[in-house]
Amino acid sequence: MGATVAALTADDVEPARRRQLLGRLVGQAKARGLADLFKPKSAVRWMVDTVAEVAPHVPVRDLATLRRHFPGLEGEALAERLVRNAARTTGGIGAAGGGVAAVEWTVAPTLLSAPVLLAVETVAVVAVELKLIGELHEVYGIPLPTAGTPRAVALLQSWAGQRGINPMMPGVGVSAVLGTAARKELRDTLLKRFGRNLTTLGPFLTGAAVASYLNRRATRTMADQLRGDLRGRTSALPGTPPALPGAR
């Protein structure tokens, strides 16, 4: 499942390939016996556990790699390109999920998998945003831990709170995410996303269009808030707009 989610986070996935990967992820979720996903609490609990499981597999590029992939871009221009690409990717996932749901509306027996599709789409979108969070930290000169578990915990905390990570904060283990207030924050944020993704179940292709738009908007909103926080933790980057009079 981690490998499938990692593949979905790539910038250049073709729509047909994205639908294939999303379908594979639905199959992998079903293989785990997710009979209780009609129950919202069960669905959210599954999403929390699955996001925590896939977070270490999210492929975050370091600054040197980002510069190779986006030659000529630095600072704010590079950050903006990353946000644009991530928003397009989450929009594409919403469109792919909506397209699958459109088929399920026309074939009644398969509608039973709709809750699984919604949960899987939410996990995939979160994975893209975790990758974006890690790479924005690189751009703003506040790289996250390189080790799998500490980095995954930092990504999850940053996504749940939509804020940057304090590099001076002592490391914590995955158990902290699963057993403390950090887990509640993650769960609450996931619940909001899951509710928004109910639009994917709109009849025919209207669900695909709405889900794509809402995913793009949510990714952009999250990124803008995170970038504002990161700017406050580091010196100005090339391309940073001047502060407005009276701005803090």
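## Confidence of the model

The structure is a predicted model. Its average pLDDT is 75, and 68% of the residues score at least 70.

Where pLDDT is low, the predicted coordinates should not be read in detail.

Rolling a probe the size of a water molecule over the atoms shows where empty space is left. The structure contains one cavity of 30 Å³ or more. The volume of the largest cavity is about 60 Å³.

The lining of this largest cavity is formed by T9, D11, R61, L82, N85, A86, V128, K131, L132 and E135. Helices α5 (75-106) and α6 (114-139) each provide at least two of the lining residues, and α6 contributes the most, with four. In terms of class, the lining comprises four nonpolar, two polar and four charged residues.

## The setting of T4

T4 lies in helix α1 (residues 2-8). The relative accessible area of T4 is 3%, and T4 is therefore classed as buried, the cut-off being under 20%. Leaving aside residues up to four places away in sequence, T4 is in contact with L21, R24, L25 and Q28.

Note on methods:
Residues numbered from 1 in each chain as written. Predicted model: local features only at pLDDT ≥ 70, side-chain atom pairs only at ≥ 80, totals over all residues. Heavy atoms only, no water. 1 Å grid on protein atoms, 1.4 Å probe; cavity = no way out; pocket = protein on both sides within 12 Å on 5 of 7 lines; lining within 4 Å. Points joined across faces, edges and corners; volume = space filled by probe spheres on them. Nonpolar A, V, L, I, M, F, W, Y, C, P; charged D, E, K, R; others polar. Buried < 20%, exposed > 50% of the residue type's maximum accessible area, 1.4 Å probe, protein only. Contact = heavy atoms within 4.5 Å. pLDDT = per-residue confidence, 0-100.
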